[in-house]
Amino acid sequence: MLSFLSRMAAAPPSYCFVAFPPCSKEGLVVFGKNSARPRDEVQEVVYFAAAEHEPGSKVECTYIEIEQVPRTHAVVLSRPSWLWGAEMGANEHGVCVANEAVVTREPASESEALLGMDLVRLGLERGATAKEALDVIVALLEEHGQGGNYYEDGSSCHTFQSAFLIVDRNEAWILETSGKYWAAEKITEGVKCICNQLSLTTKIDAEHPELRNYVKSQGWWNGDSDFNFSEVFSLADDHLACCSGRESLEKQGGDVSAQAMIDVLRDKDSGVCVDSESFLTTASIVSVLPQDPSFPCIHYFTGTPDPSRSIFKPFIFVDDVKLVPKVQSPSFGNDDPAKKIPRFQEKPDRRHELYKAHEWARSLLENDQDKGQKLMRIMLDLEKQGLEAMEDILSRTEILDPAEVVDLFYDCVDTELKFFK
């Protein structure tokens, strides 16, 4: 039991948010996530174009190989650089998915299967709406299960169940899982937050067909009271005190924008921006999804740790979008210790160029406050210019010219690096 409790204590306290009208700016859905992971883990930002696949082909996920589908959508992902899946990301159809590690009364499997992070990427590659992505995730969960080490750690296996926030221009789904069993709630207005605790209660809009029979067979629910997912599956009574950032967003009073979401993600006092002995917010995302499909969705990534010391850089899906090697970690191919059995026997240097530059800036902030503060002001001004340029795109009447934004994320990363140098 002690080892189980120590694993339970290690669930990283990440936060995901979505704001719909009337809480968000008129006509916009705003999504955000801070990814809290082990302090020294590197996240990269990677883009994969839409692709056609041969019948019968397979796809190699982090630990297991599964059947590929005939076509995968274009995706942009923020992911721990040792694995196949993603902590969070978006696809070309304006679907965003983020994952949370959660602990339930059912111990998570150490057997290698799909990670929750693999399911994020699979949902994005295969789902053109939030509901389609949810259907993809739960079908794969049923077929392959979830399990395996959540961390790049050869000395201990850290396993968790998964929760997801799945969002598109019209609706969001909160999906919470325990093994292959799951329940989901549909959201179409207001502000919602999920973190590393179960949050679904009695409002359940979709569920595993055998969910209630299963929990009855385990003696966790007698069928006489209302079925409350969190109460049935949580280990303790801590499942309701989840989200400190939600109040900050609700206080915006119908004005939640990209900037408001960024401000919440940067807030260390509330605990949303994690900076503890074990965990750090290693990357962040904010997405703005106009409900009018004639406008483009805009996704902002940091690609670096600690959003209070990082800047959010915009990305828009267009054909032939320019790749950004400076936020991609080095590839080790089949020699990667994450791919060899036994796994994680050594830890290669996975830092990308922007990560290294960011480390230098962090040491400047810590060692020379005047210079550090001056650099931070310049960076935030750069971010503000990007946000204003994106607001301009969303307020235009003419259709966006793809050539205008094909280099957008590349140029923002390049400019950030120049300032660091």
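Before we start clicking, contact here means heavy atoms within 4.5 Å. Helices (H or I, at least four residues) and strands (E, at least two) are DSSP runs, numbered from the N terminus. Buried means under 20% relative accessible area, exposed over 50%, and partly exposed in between, with a 1.4 Å probe and protein chains only.

This is a predicted model, where local features need pLDDT of at least 70 and side-chain atom pairs count only at pLDDT 80 or more, while totals for chains, interfaces and linings use all residues. Residues are numbered from 1 along each chain as its sequence is written, and side-chain values use heavy atoms, leaving out hydrogens and water.

**Stop one: α11.** Select residues 408-420. Which residues of α11 are buried? They are L408, F409, C412, V413, D414, E416, L417 and F420. Show what surrounds them: these buried residues pack against β3 (43-48), β17 (298-301), β18 (313-315), α8 (353-367), α9 and α10 (402-405).

On the α8 side, the contact uses E353, L354, A357, H358, W360 and A361; α11 brings V413, E416, L417 and F420.

**Stop two: the core.** A nonpolar core is a set of buried Ala, Val, Leu, Ile, Met, Phe, Trp, Tyr and Cys residues joined through side-chain atoms within 4.5 Å. The largest one has 92 residues, and F17, L165, V167, F229, V286, Y300 and I316 touch the most other members. Helix α9 (residues 369-395) gives this core its largest share, seven residues. Centre on I316: beyond its neighbours within four places in sequence, its contacts include M390, I393, V405 and L408. Then try V103, A133, F164 and W182, which belong to a second, separate core of 47 residues.

**Stop three: the loop between β18 and α8.** Pick D320, which lies in this loop and has a positive phi of about 60 degrees although it is not a glycine. Is D320 buried or exposed? Exposed, because its relative accessible area is 72%. F344, in that loop too, also has a positive phi, near 60 degrees, yet F344 counts as buried because its relative accessible area is 8%. While you're here, check the cis peptide bond from I341 to P342, with omega near -10 degrees.

**Last stop: P21 and P22.** A cis peptide bond joins this pair, with omega about 10 degrees. You'll find P22 in the loop between β1 (15-19) and β2 (28-38).

Methods. Expected span 1.5 Å × (residues − 1).
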